[in-house]
Amino acid sequence: MLLRACYKLVRDGVQGIASTRRRWILRMVWTVGRRVQFQGPVYVRSCGGKVSVGADTIMGPHVSIEAATGAVLKIGRRVTINQNTFIVARTSIEIGDHCLIGESVSIRDNDHSWRDPDRWIRDMGFQCEAVSIGNDVWIGRGASIHKGVTIGDGCVIGANAVVTKSLPAYSVAVGVPARIIKKRGDDVEV
C-alpha cells in the first residue's frame, strides 16, 4: 500500500514537471494563461499564427494544434480538450470559455478546394471560413466541426456528429450531418 502511494506521488510529480516544461516551451510561440495543464505531448504542426490559450485550460495527450501563418486560434478559459483532438486554423477559430471537447474531435476552419478536374486536388489550396464556438459547449467524442460554423453558447454536440451548419444557443445536435433534436431546458424533443 505504501509503495503504491509513493509510486502515485512520483508519477503525479513527473507529470506536473512535464506539464510545466511544455507550458514554458509553448509560451515562446503562444500566449498561455496561468495554470494551463498539458497531460501529454501536444503536437504543434505550425506556429506561424497567433495562438492564445486561456487560464486553467487542460489539454489531454496527443492534441494536435495547427495555426497557419496569419491565422488566429483563441481557446478560452477553463476549456478541456481531450486526447487525439485536432484543431486546425488557417484563418480563425475561436473557442469560448468552459467548453468540454471530447476525444478525437476535429475542428477545422478549412477544407481542400476540389472543383477543378484539370488540377491535382493537393495543388488547389484551401477554402477557409472562420469557426466560432460559444461558451459552455460540450462536443462529444469523435465529432467533426467544419468551416464556417458558429456554435452558440450552451450547445451539446453528440458523439461522432458532423457539424456543417451553424447552431443556435442551447441546441442539442446529433448525427451526420448534425441536426437539432432538442433545446437544453426543453423536455420535448424537436
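The open sheet and its surroundings

Guide: Among contacts in the protein (heavy atoms within 4.5 Å) between residues at least 6 apart in sequence, 15% join residues at least 24 apart. The model is a predicted one, in which local features need pLDDT of at least 70, side-chain atom pairs count only at pLDDT 80 or more, and totals for chains, interfaces and linings use all residues. Residues are numbered from 1 along each chain as its sequence is written, and side-chain values use heavy atoms, with hydrogens and water left out.

The protein has one helix and 22 strands, taken as DSSP runs numbered from the N terminus (helices H or I, at least four residues; strands E, at least two). Six of the strands make up an open sheet with parallel pairing, in the order E3-E6-E9-E12-E17-E20; a pair requires at least two DSSP bridges between the strands. Strand E17 (residues 144-145) pairs with E20 in the parallel sense over two bridges, and serine 144 has valine 162 in E20 as its bridge partner.

As for side chains, arginine 90 lies over the face of phenylalanine 126, at 3.7 Å from the ring centre; the rule asks for NZ of Lys or CZ of Arg within 6 Å of the ring centre and within 35 degrees of the ring normal.

Over the whole protein, 39% of the 190 residues are buried, that is, under 20% relative accessible area (1.4 Å probe, protein chains only).

Key
Buried means under 20% relative accessible area, exposed over 50%, partly exposed in between (1.4 Å probe, protein chains only).
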